[in-house]
Amino acid sequence: MSKAIRVARTGGPEVMEYVDVEVGAPGPGEVTVKHEAIGVNFIDVYFRTGLYPQPLPNGLGMEGAGTVEAVGEGVTHVKVGDRVAYAGRPNGSYAQVRNMPGDLLVVLPDHIAFDTAAAMMLQGMTAQYLLHRTAHLKPGDTILWHAAAGGVGLIACQWARVMGVNLIGTVGSEEKAALAIENGATHVINYRKENFTERVKALTGGEGVSVVYDSIGKDTFTGSLDCLKPLGLMVSFGNASGTVPPFAPSELQSRGSLFLTRPTMMHYTAKREDLEATAKSLFGVVSSGEVKIAVHQRYRLQDVAQAHSDLESRKTTGSSILIPH
Ligand code: NDP
């Protein structure tokens with residue numbers, strides 16, 4: 001038996017129930033993982049509210065770190081006792097123990113702690129593919145990154161600095177502004193107080209930026225397009241404020257033949273070789289100390305409702321984790 005979070009309906013944080021579940025032997029290709037730490041991500045909110053549909057009842061959570069307890073038939077790349085971490089579907093990481101597809105797991109380097117791993121696999125691999133593969137950035141480029149003091153945001157600030165890329169970050173408070181600057185943002189804009197489009201134009205001498213990374217969605221999408229220079233790239237990778245309404249491709253033409261992509265980490269890590277390369281790149285910058293993982297919020301597994309309500313109400317900075325035992 002394991003304690004786990006189950007959702008039988010969509011709704012507010014209260015729909016997450018802390019229950020006992022039976023964990024049988026792992027099936028073919030599956031691995032039983034005993035979690036030591038579990039990541040909390042904004043995508044979990046989308047699944048809980050139903051913005052991203054899933055069959056119900058179901059588990060929640062896409063990220064965790066722990067120890068392999070058992071392996072199913074055909075699993076060869078991990079063995080019992082290995083320290084492992086992962087990010088990806090199916091949902092169900094909000095649990096003490098779970099069975100899951102073995103091909104999502106990567107073996108953790110000894111010096112990376114479980115809580116660091118659980119806090120960075122999804123947010124860190126996302127920053128990795130967005131900065132290194134979605135766009136082709138070079139030193140000296142200037143980009144705009146929304147929610148720069150969040151989980152993905154603080155990692156992106158540091159990683160952009162490593163790459164020699166100037167990152168203008170938006171944030172929702174003065175405390176968050178200081179944090180983003182500390183982590184490597186070149187400039188910050190408090191978009192609750194200032195018009196970020198006007199500020200970006202002023203900061204870039206009227207030119208605009210090469211790439212905008214927009215995970216806010218509805219509230220910022222149009223303003224973000226207006227921050228781009230001609231031939232710039234709009235990376236719409238999340239919807240913290242709601243989904244982007246439909247819009248006409250001519251909006252891209254009138255602003256200077258812009259490019260638009262709506263990526264997800266699942267596609268960038270779907271092939272095992274891509275998953276391993278992305279994780280290796282992340283482990284590299286974390287091991288060297290170039291990127292530090294800010295585990296700023298810790299909750300017990302049974303207090304996950306608090307974790308969600310803090311995340312949704314913009315109270316958190318950096319990453320949040322759940323401790324299952
Ligand atoms: P964050 O820690 O960044 O939390 C979300 C932040 O968004 C808040 O702290 C807040 O920062 C900002 N925000 C702005 N408007 C709102 C709003 N109306 N409601 C809530 N928050 C708002 O979360 P994560 O690091 O987990 O994820 C960041 C984003 O990246 C999410 O949109 C997520 O879905 C997306 N994502 C996408 C992936 C992909 O591959 N496509 C993978 C991983 C994450 P502030 O107060 O500073 O505005």
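Colleague: How many bridges join β3 to strand β16, and do they run parallel or antiparallel?
Modeller: Three bridges join β3 to β16 (residues 319-323), and the two strands run antiparallel. Helices (H or I, at least four residues) and strands (E, at least two) are DSSP runs, numbered from the N terminus. Two strands pair if DSSP finds at least two bridges between them.

Colleague: Before we go on, what kind of model is this?
Modeller: This is a predicted model, where local features need pLDDT of at least 70, side-chain atom pairs count only at pLDDT 80 or more, and totals for chains, interfaces and linings use all residues. Residues are numbered from 1 along each chain as its sequence is written.

Colleague: And what is the mean pLDDT of the protein chain?
Modeller: The mean is 98, with 100% of the residues at 70 or more; pLDDT is the predictor's confidence in each residue, from 0 to 100. For the complex, the predictor gives an ipTM of 0.99 and a pTM of 0.98.

Colleague: How many bridges join β3 to β5?
Modeller: Seven, and β5 (residues 63-71) runs antiparallel to β3. Another five bridges join β3 to β7 (residues 97-101), again antiparallel. In β7, V97 is the bridge partner of K34.

Colleague: How many residues of β3 are buried?
Modeller: Of the 11 residues in β3 (residues 30-40), 10 are buried, so the strand is mostly covered. Buried means that 20 or more other C-beta atoms lie within 10 Å of the residue's own; exposed means 12 or fewer, partly exposed is in between, and C-beta atoms are placed from the backbone.

Colleague: Changing topic, where does A118 lie, and why does it count as buried?
Modeller: A118 lies in helix α2, and it counts as buried because it has 32 C-beta neighbours inside 10 Å.

Colleague: What is A118 in contact with, leaving aside its neighbours within four places in sequence?
Modeller: Its contacts are A37, I38, G39, E63, G64, A65, A85 and I321. Two residues are in contact if their C-beta atoms, placed from the backbone, lie within 7 Å. A118 and L322 are 204 residues apart along the chain, with 8.8 Å between their C-alpha atoms.

Colleague: Now the domains. How is the protein chain divided?
Modeller: There is domain 1 (2-121 + 288-323) and domain 2 (139-262). Those bounds come from an automatic or database domain assignment. The C-alpha centres of the two domains lie 29 Å apart, and the contact takes 12 residues from domain 1 and 13 residues from domain 2.

Colleague: Where does the ligand lie, and why there?
Modeller: The ligand lies between domain 1 and domain 2, because both give residues to the shell around it.

Colleague: How many residues surround the ligand, and which are the closest?
Modeller: The shell has 29 residues, and the closest are G150, G151, G172, S215 and G238. A residue counts as near a molecule if its C-beta atom, placed from the backbone, lies within 6 Å of it.

Colleague: Which helices each supply at least two residues of that shell?
Modeller: α1 (42-49), α2 (114-134), α3 (151-163) and α10 (304-312) do. By type, the shell divides into 13 nonpolar, 12 polar and four charged residues. Here Ala, Val, Leu, Ile, Met, Phe, Trp, Tyr, Cys and Pro count as nonpolar, Asp, Glu, Lys and Arg as charged, and the others, Gly among them, as polar.

Colleague: Is phi of A147 positive or negative?
Modeller: Phi of A147 is positive, near 55 degrees, in a residue other than glycine. A147 is in the loop between β9 (142-145) and α3, and it counts as buried because it has 27 C-beta neighbours inside 10 Å.

Colleague: And what is phi of R314?
Modeller: Phi of R314 is near 65 degrees, again a positive value in a residue other than glycine. R314 is found in the loop between α10 and β16. With 16 C-beta neighbours inside 10 Å, R314 counts as partly exposed.
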